[in-house]
Amino acid sequence: MLRMSSTARCDSIPLDAMPDTPVPSLTPSAAADAPALVVRLDAPQKIDGRPVRYQSLWLLMRVYYAAHYELSSVSLASLKIRFAQSGEAGDLRMLISRAFSDFARWGVAVGWGDDRHADVRLLPTRGRGKGPFWLARHEMSRIVVAIGDTTPDDPRRAIAAFLGLPQDTATDTQSPALDYVMQDIAFWHHLTLGKRDMQDGVFFAPPQAPSQGDGRRQRTGAIASFHAAQVCAVDDVQRGIALLAETIVWRRMGDAARTKKTLATLAATFGANAPGSPGSPTLRAMHWIVQAWQAYALRDEAGAFAHLQRIGDDASLAPCLVYNPRIRFESRNLQALLYKSHAARSGPMPARAQSAANALAAFSDALQAAFEADSIELAQHVAANIGLSLWLFWQGALIDPGRRLAAAEVQRQALRWIGLSEWICDRFGVGGNSVWNTVFLLRIARGAVPARRDPDLTTLRASTPLTVDAFLDAVQPFGAPFSRAKGFRRWTDVLATTLADHEEGRVSFEPLQLANLWFEMLWFTLHQDGDSPQALHAAQSLGRVLPMLPPPDRRFFRDALRLMPREFQREVRLAQ
């Protein structure tokens with residue numbers, strides 16, 4: 001009996017990377033004239049008198065048994081159940097590749113994929129290693145099973161014994177559901193670890209060495225876990241789930257190149273570029289949503305809208321926008337951000353006002369979808385965006401142009417939305433390491449200050465931003481996360497506490513978040529302490545972060561810095 005030396009592992013080469021091997025040239029009409037294939041099951045196993053590889057013969061007889069007695073195909077999980085733990089098969093990728101080489105040499109047509117009526121000669125070899133496997137219908141009559149020199153009295157029982165199927169259940173129909181739940185659970189283990197690390201903002205393994213005796217609790221990081229899950233995946237749906245999660249991590253990290261690469265792999269996995277493609281509609285819809293996020297990150301708003309539109313234009317995906325609240329949330333939340341960007345730009349007021357109204361409507365729909373999806377984490381994201389957008393749109397006269405509402409009333413309501421978001425983060429332990437809620441509430445707190453370009457220091461210090469006490473009163477009933485212990489005595493204390501978390505390595509903020517924090521620190525320090533070493537440090541720190549930002553974000557801060565005295569604008573430029 002031929003055996004392979006290596007052991008089967010989850011981290012082997014992907015099954016779809018195996019070399020191509022020819023398939024038999026038999027057609028159904030030719031098969032009727034083809035000679036019988038005599039398969040001897042007792043040792044030494046032979047086909048037409050020639051020795052054979054045990055694993056190849058096992059797979060041939062398994063597809064024969066499934067076709068003849070079960071009227072089904074054979075899943076990849078069936079091979080894993082039989083060989084992965086025994087050490088007999090070594091690498092499943094190699095087992096399948098060698099088996100199909102043997103099938104070609106024996107002149108027998110074994111197919112793969114979901115269409116059991118397809119012409120084996122036309123099947124793409126790229127997806128062969130994923131299964132399921134089946135015997136072409138015209139091959140059924142060619143195979144003759146033998147034990148020694150005679151055919152067994154009960155061929156079904158003899159084949160079942162050879163395959164290792166339980167004798168007392170040899171007459172049972174194969175259960176794909178049983179195969180699925182009996183597969184190696186490593187995929188779900190790695191995926192769950194990655195999801196937890198992604199939720200906590202741990203994208204790579206922490207740098208510290210593992211502590212002795214605590215190996216089970218050591219983090220590997222989301223990226224490593226999602227890579228491991230992809231290797232262990234048994235089908236395209238599992239592989240797509242892990243790829244999608246990895247893509248989202250790269251996007252959150254701002255790595256455009258790796259986001260683009262994983263998106264391409266994800267699209268190739270389940271044919272996302274072809275309308276009506278088979279596979280999971282949810283994964284395909286999420287693929288277009290992540291594509292849209294990528295375009296949004298690159299400031300390609302037209303491209304982002306186009307990617308979102310692809311979901312509605314594909315008849316097989318459009319129902320996701322109605323019946324899948326997670327897809328509706330992702331689509332409407334991103335649409336809202338796109339409308340918000342359009343409303344914030346200069347242009348005709350009627351068009352900007354319509355974009356502002358569209359943004360608030362889309363955010364509101366996204367909030368409802370988040371609760372329909374039973375995702376409190378999604379709800380906190382959109383609540384914060386509603387708060388900031390409400391204040392910015394009102395301040396710019398894009399909503400309520402007749403000023404039916406008082407500034408203090410809108411400011412308090414905007415802060416209450418931010419408070420709801422932070423309260424959710426605090427109560428439910430969600431939100432990762434995002435610091436946007438702090439940035440948003442600080443922007444709103446100084447939002448009622450008249451915007452004067454290039455003010456002198458005396459003018460800036462004479463302005464009256466919202467006090468911390470007034471904020472704590474406004475944010476009720478969501479005031480629990482804003483404790484004095486977290487710095488909510490003065491706004492500069494809030495900023496110092498937040499920045500210390502980053503500088504001391506407890507959390508990690510991306511450049512855009514840091515730039516916003518240092519900008520607010522500069523303004524509030526100037527307002528509180530005037531020309532001080534703390535203000536100079538804030539200006540220099542902001543200047544060091546700005547070169548890390550993409551050009552559109554640098555332009556935003558270049559304009560925003562006109563709210564500072566000229567001498568501090570100069571300090572920021574000198575530090576770049």
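**Close-up views of a predicted model**

**View 1. The loop that holds Pro-477.** Pro-477 is found in the loop between helix α20 (468-474) and helix α21 (491-503), in a model that is predicted. The peptide bond that joins Gln-476 to this proline is cis, and its omega is about 15°. Such a bond deserves a second look, because most peptide bonds are trans.

View 2. In another loop, the one between α16 (376-395) and α17 (407-428), Asp-400 is found; although Asp-400 is not a glycine, its phi is positive, at about 50°.

**View 3. An open sheet of 4 strands.** The strands of this open sheet follow the order β3-β2-β1-β6, and their pairing is mixed. At the edges stand β3 (50-51) and β6 (143-146), each of which pairs on one side only. Strand β2 (residues 46-47) runs antiparallel to β3 and is joined to it by 2 bridges, and Lys-46 has Pro-51 of β3 as its bridge partner.

**View 4. Helices α22 and α24 side by side.** The axes of helix α22 (residues 511-529) and helix α24 (residues 551-560) come within 12 Å and cross at roughly 5°. Since angles under 35 degrees count as roughly parallel, α22 and α24 are therefore described as roughly parallel to each other. On the side of α22 the contact is made by Leu-512, Ala-515, Asn-516 and Phe-519, while α24 brings Asp-553, Phe-557 and Ala-560.

**View 5. Two aromatic rings in helix α4.** The structure holds 22 aromatic pairs, and one of them is formed by Phe-100 and Phe-103, whose ring centres are 5.2 Å apart and whose planes stand at 70°, so the pair is edge-to-face. Because Phe-100 and Phe-103 are 3 residues apart in helix α4 (residues 92-106), about one helical turn separates them.

View 6. The mean pLDDT of the chain is 83, and 86% of its residues reach 70 or more. Over residues 1-32, however, pLDDT stays under 50, although the model has 75 contacts beyond four places in sequence for this stretch. Residues 212-216 also have a pLDDT below 50, and beyond near neighbours in sequence they have 0 contacts in the model. Where pLDDT is low, the predicted coordinates should not be read in detail.

How values were computed:
Residues are numbered from 1 along each chain as its sequence is written. This is a predicted model: local features need pLDDT of at least 70, side-chain atom pairs count only at pLDDT 80 or more; totals for chains, interfaces and linings use all residues. Side-chain values use heavy atoms; hydrogens and water are left out. pLDDT is the predictor's confidence in each residue, from 0 to 100. Contact means heavy atoms within 4.5 Å. Axes are lines fitted to C-alpha atoms, for helices over the stretch in contact, and angles run from 0 to 180 degrees between N-to-C directions. Angles under 35 degrees count as roughly parallel, over 145 as roughly antiparallel, 65 to 115 as roughly perpendicular and the rest as oblique. Two strands pair if DSSP finds at least two bridges between them. Rings of Phe, Tyr and Trp (its six-membered ring) pair if their centres lie within 6.5 Å; planes under 30 degrees apart count as stacked, over 60 as edge-to-face and the rest as tilted.
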